[in-house]
Amino acid sequence: MSTNKLLAFWNHPAGPKTIHFWAPTFKWGISIANIADFSNYNMKNWNLFSVNFAMARTGLYQLSRKIKQN
């Protein structure tokens, strides 16, 4: 990758210096943790469970708003 492309990526409005880059990156981390947790039938990490539950509820709410709008 050339230096110009790297600089363009670094200075992009949604680049790694902004929340617009890191928020989805960390959300992918939560999704990967969900997949890794599939084999664990006894949920021991209640903090992760509560985050997953909240994300599922808010996602379903947003989806229902979109369906109602259409």
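## Aromatic pairs

F49 and F53 lie four residues apart in helix 3 (residues 46–69), so about one helical turn separates them. Helices here are DSSP runs of H or I with at least four residues, numbered from the N terminus. The model is predicted, local features need pLDDT of at least 70, side-chain atom pairs count only at pLDDT 80 or more, and totals for chains, interfaces and linings use all residues. Residues are numbered from 1 along each chain as its sequence is written, and side-chain values use heavy atoms, with hydrogens and water left out.

The structure holds five aromatic pairs. In one of them, F21 and W22 have ring centres 4.8 Å apart and planes at 85°, so this pair is edge-to-face. The rings of F49 and F53 have centres 6.3 Å apart and planes at 20°, so they are stacked. Rings of Phe, Tyr and Trp (its six-membered ring) pair if their centres lie within 6.5 Å; planes under 30 degrees apart count as stacked, over 60 as edge-to-face and the rest as tilted. F9, F21, W22 and F26 form one aromatic cluster.

## Exposure of the rings

F21 is partly exposed at 24% relative accessible area, and W22 is partly exposed at 36%. F49, at 35%, and F53, at 46%, are also partly exposed (between buried, under 20% relative accessible area, and exposed, over 50%; 1.4 Å probe, protein chains only).

## Helix 2 and helix 3

The contact (heavy atoms within 4.5 Å) involves K27, I30, A33 and N34 of helix 2 and L48, V51, N52 and M55 of helix 3.

How values were computed:
Helix = DSSP H or I, 4+ residues; strand = E, 2+ residues; numbered from the N terminus.
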